[in-house]
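Please consult the sequence and the 3D structure alongside the text.

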Amino acid sequence: MYRYDCDLHCHTIRSDGNDTPQEFIDKAAECGMKVVAITDHDIEPPIYISVDNKKISTVDYAASKGIELVLGYEFSCDTYVDDVHILGYKLDWNNPLVKEEVEREKESKINAYRDLCKLLTENGISIDYEKDVLQYVDEDGSIKYRKKEDVQRKHIFEAIAKKGYTSTWQEAKLLVRDNPKLNIKRRKIDPFDAIKLIKECGGTAVLAHPFLIDEIIKYPDGRSYTRDEYINRLIEHGLDGIEARYTYSKTSYKGNLSSEEIENYVKEHYKEKVKFFTGGSDYHDDEKKGVKNPRYFGEAGISYEEFNKIREYFI
């Protein structure tokens, strides 16, 4: 069962989700969703899909299923700060700026994630880049292969958990990010530049899961910011909205606040500073992989009434 009609933060197999875009839309329709967004990591959304060997608009296919599909892009930002993600919606996806950023991110990921597997192995966590990450077992038991440019850090975290070093991928994420020896800093776009790129491409910039950002942020050059100070700087650089509703209890969130308490804090603290608030489950269909306590469509999101008040920013 879903709670909200509109889920504005979801993933497909094009990044670290487990559904093809068509499967994603079909499942959203089966759940009775009204609006869903594809916001894959560091890659433009699927403008077209193949259905019955015919190339059709992804948005049109969704409409035929009774779904309004929002196309987005989740920018992984800030080389030195984990979990700073800017969601970009309504961009001109053919703009060269988008294409160039996708290519930069591909190269950054390939090099960093290969190095991470090597470093993990050197530190007693045996993860083979070729055999444990590029190669994987699909839900039907068949052996599948990923392209190097399709690997996400979450795939490595899943491999760590699958081999028994941690109980869950969330624990694996914390194991890596909280150990300076393991937390390789791959080159990521500056969040100010991400916001600028989104705006130059005609889009809307929204900060995802703000409370996954550490409460105190420290840079190698000695600069230090609180989470609030950091977010205020993003707002000063043109951030349009903040994701207030989110599935924190099912992620690597390290704090003690409930998702509802975080929502209330975000809305109260930033109500005069941004144009609107959004919500999303960060759906990946992890249930396919047998992940305990997976996220579901609409588990976090916004109502259709809330969406209609801000739809100009998304469609």
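**Cavity and helix packing**

A search of the whole structure finds one cavity of 30 Å³ or more. A cavity is a set of points, on a 1 Å grid over the protein atoms alone, where a 1.4 Å probe fits but cannot get out. The model is predicted, so local features need pLDDT of at least 70 and side-chain atom pairs count only at pLDDT 80 or more, while totals for chains, interfaces and linings use all residues. Residues are numbered from 1 along each chain as its sequence is written, and side-chain values use heavy atoms, without hydrogens and water.

**Largest cavity**

- Strand 5 (68-77), helix 3 (96-122), helix 5 (153-162) and helix 6 (169-177) each supply at least two lining residues; helices (H or I, at least four residues) and strands (E, at least two) are DSSP runs.
- Helix 3 gives the largest share, four residues.
- The lining comprises 14 charged (Asp, Glu, Lys and Arg), 11 polar and nine nonpolar residues.

**Helix 8 and helix 9**

- Helix 8 (residues 227-236) and helix 9 (residues 259-270) pack at about 55°, with axes 13 Å apart.
- In the contact (heavy atoms within 4.5 Å), D228, I231, N232 and I235 of helix 8 meet Y265, H269 and Y270 of helix 9.
- The residues of this contact are four nonpolar, two polar and one charged.

Methods. Axes fitted to C-alpha atoms, helices over the stretch in contact; angles between N-to-C directions. 1 Å grid on protein atoms, 1.4 Å probe; cavity = no way out; pocket = protein on both sides within 12 Å on 5 of 7 lines; lining within 4 Å. Points joined across faces, edges and corners; volume = space filled by probe spheres on them.
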